[in-house]
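This report looks at selected salt bridges and at one strand with its neighbours. The sequence and structure come next.

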Amino acid sequence: MHMAPPVASASRRSLAPSTPTSCVCHSKQKMDVAHEIAGELQATPDLIIGNYSDGNLVACLLAHKLGVTHCTIAHALEKTKYPNSDLYWKKFEDHYHFSCQFTADLIAMNHADFIITSTFQEIAGNKDTVGQYESHMAFTMPGLYRVVHGIDVFDPKFNIVSPGADMSIYFPYTEQQKRLTSLHTEIEELLFSDIENAEHKFVLKDKKKPIIFSMARLDRVKNMTGLVEMYGRNPRLQELVNLVVVCGDHGKVSKDKEEQAEFKKMFDLIEQYNLIGHIRWISAQMNRVRNGELYRYICDMKGAFVQPAFYEAFGLTVIEAMTCGLPTFATAYGGPAEIIVNGVSGYHIDPYQNDKASALLVDFFGKCKEDPSHWNKISQGGLQRIEEKYTWKLYSERLMTLSGVYGFWKYVSNLDRRETRRYLEMLYALKYRKMAETVPLAVEGETSGK
């Protein structure tokens, strides 16, 4: 568990539990954990924050045990990522354990005193898509249970508080005195070396062209192969810019079947569209400091960042790229649609319409070639948007305000949701614990594929 620093005084602290391998937590274990927390903090916490499905459930159980204010941050509710995952839950149960996951989400979100989301779309979606929380209002898992009133998305406990990027790592490319120029040799090797190895595949022929850059997990939802196909289908885009994608790991064979399929698809697309000389495929990069300078190096080359996901709950890489000043094109499905003001601080793209997305990129780079100030205009628009809405300073101030408001409400209001919480106790004891016992413990080095 990660213990956060004091919030207001020595007795006012916040606790954010990390994601455990199992959520089966019995009374004695909860008591032990509560004692450990009190001993570590030398006080009872005033606020417990959960993150992700199982972390949120642990936070729920501890907050209930200690009688303190409980905040839930879902970050990503898997239900909207996988269409019809409720109806066909049995088909995916061995791999994704949707029964436990959705039940944990229902318990935590209904127990929480307040809920934080990064965007409005996480709560209620838009005219074209359903929101993450909205999808939990009513659904059926055949043979397990039917949800009639899963969550009330009009409940005032929902709050939008958008996170930011670490500005000690991700800062504008124009701040020359802070630039990490000592890393440029490594970055140039990463992007342009003529040698293929376990870190990068394929060689760029024209190293002076601007770069379309993207970095994400290599799974179906992130749609990195879709970006390669979009680029491959547009010869004019290939004339204007190179494509650099950072995803997967060339150094080892993935144990995840979805990632294996995406690996094969990526190689097939590169061959199908004859992209040798136009594309650089780099393995996933874990050095965040160098990644920050990598964004800025792409800025120096007047490139752009593309986030092509079919759906993105928030879009932290979008925030990172914009914070560095890199013009950003991101999916219209999910958080990036709110982060970016289309045509002002970046552009929305539809990952289901490759030709339109590639035409938008051609238009952008064509304008930049004729008028370099156009690139600067979009770059500055992105930086202004970040400063106005997406910084950790704004986030922390808002979170502390909400914890005070909802903490006060919890202790002075007679509306303490006792009936709801008794029902949640029953759901946890009679349904969830039995399901959780069927989930195997995580094995170090293996991933679940999500």
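## Salt bridge within a helix

Glu 425 and Arg 422 form a salt bridge, with their closest N and O atoms 3.3 Å apart. The model is a predicted one. Both residues belong to helix α16 (residues 418-436), where being three residues apart separates them by about one helical turn. Glu 425 is partly exposed, at 34% relative accessibility.

A network is also present: salt bridges with shared partners join Arg 179, Glu 293, Arg 296 and Asp 300. The structure holds 18 salt bridges.

## Two further pairs

Lys 79 and Asp 86 meet through their side chains in a salt bridge of 3.5 Å, N to O. Lys 79 counts as buried because its relative accessibility is 10%, under the 20% cut-off. Asp 86 is buried as well, with a relative accessible area of 12%.

Another salt bridge links the side chains of Asp 194 and Lys 207 (3.3 Å, N to O). Asp 194 lies in the loop between α6 (184-192) and β9 (200-201), and Lys 207 in the loop between β9 and β10 (211-215), so the pair ties together parts 13 residues apart in sequence. Asp 194 is exposed, at 57%, whereas Lys 207 is partly exposed, at 31%.

## Strand β4

Five of the five residues of β4 (residues 69-73) are buried, so the strand is largely enclosed by the rest of the structure. Thr 69, Cys 71 and Ile 73 point one way, and His 70 and Thr 72 the other. In a regular strand, side chains alternate between the two faces of the sheet.

β4 runs parallel to β3 (residues 47-51), joined by five bridges; Leu 47 has Thr 69 as its bridge partner. β3, helix α2 (residues 53-66) and β4 make a right-handed β-α-β unit. Three bridges join β4 to β5 (residues 114-117), also in parallel, and Thr 72 stands opposite Ile 115 there.

Notes
Residues numbered from 1 in each chain as written. Predicted model: local features only at pLDDT ≥ 70, side-chain atom pairs only at ≥ 80, totals over all residues. Heavy atoms only, no water. Buried < 20%, exposed > 50% of the residue type's maximum accessible area, 1.4 Å probe, protein only. Helix = DSSP H or I, 4+ residues; strand = E, 2+ residues; numbered from the N terminus. Pairing = 2+ DSSP bridges. Right-handed = clockwise from strand over helix to strand, strands pointing away. Salt bridge = Lys/Arg side-chain N within 4 Å of Asp/Glu carboxyl O.
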